[in-house]
Amino acid sequence: MTALPSPARSEHLAQSPAVRRGGRWWLVAASGSVAVTDPVFTGELNCFATAMAAADRAVAGPRLQQDQPPAPPGGRRR
C-alpha cells in the first residue's frame with residue numbers, strides 16, 4: 001500500500017473507494033491506498049466521472065433557475 005500524494009484537491013467518485021488526486025486514480029480503504037495503474041480501469045473511472053459530472057450539472061441547472069426570482073410581466077429581468 002502507498003500513501004496518497006498530498007495535493008490539496010481530490011475528487012471522490014460518488015460513494016466509491018475511488019479517488020482522483022493529482023490526475024491519478026487511487027483506491028482508498030481504511031488500511032491504506034493503492035494507485036490504479038490499469039489503463040482500461042482508469043479509462044472506465046474517467047468515463048464514469050465524466051457521466052457523474054454531467055448528471056450533477058443537469059440537476060444543478062433547474063435548481064439554479066428555481067433560486068432566481070420570477071421574471072416581471074413582459075419577460076424582462078432586471
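These legends describe close-up views of a predicted model. Local features need pLDDT of at least 70, side-chain atom pairs count only at pLDDT 80 or more, and totals for chains, interfaces and linings use all residues. Residues are numbered from 1 along each chain as its sequence is written, and side-chain values use heavy atoms, with hydrogens and water left out.

View 1. Strand β2 spans residues 18-21 and strand β3 residues 24-29. Strands (E, at least two residues) are DSSP runs, numbered from the N terminus. Pairing requires at least two DSSP bridges between two strands. Here four bridges join β2 and β3 in the antiparallel sense. R20 has W25 of β3 as its bridge partner. Two residues separate the strands of this hairpin. In the turn, G22 has a positive phi of about 60°.

**View 2. The β3–β4 hairpin.** Strand β4 covers residues 32-35 and runs antiparallel to β3, with four bridges between them. A29 is bridged to G32 in β4. This hairpin also has two residues between its strands.

**View 3. The largest nonpolar core.** Six residues form it: L13, A18, W25, V36, L45 and A49. Such a core is a set of buried Ala, Val, Leu, Ile, Met, Phe, Trp, Tyr and Cys residues joined through side-chain atoms within 4.5 Å. Buried means under 20% relative accessible area, exposed over 50%, partly exposed in between (1.4 Å probe, protein chains only). A18 touches E11, H12, L13, W25, W26, L27 and L45, leaving aside residues up to four places away in sequence. Contact means heavy atoms within 4.5 Å.

**View 4. A14 in its loop.** A14 lies between β1 (10-12) and β2. A14 is not a glycine, yet has a positive phi of about 50°. Most residues other than glycine have a negative phi. A14 counts as partly exposed because its relative accessibility is 45%.
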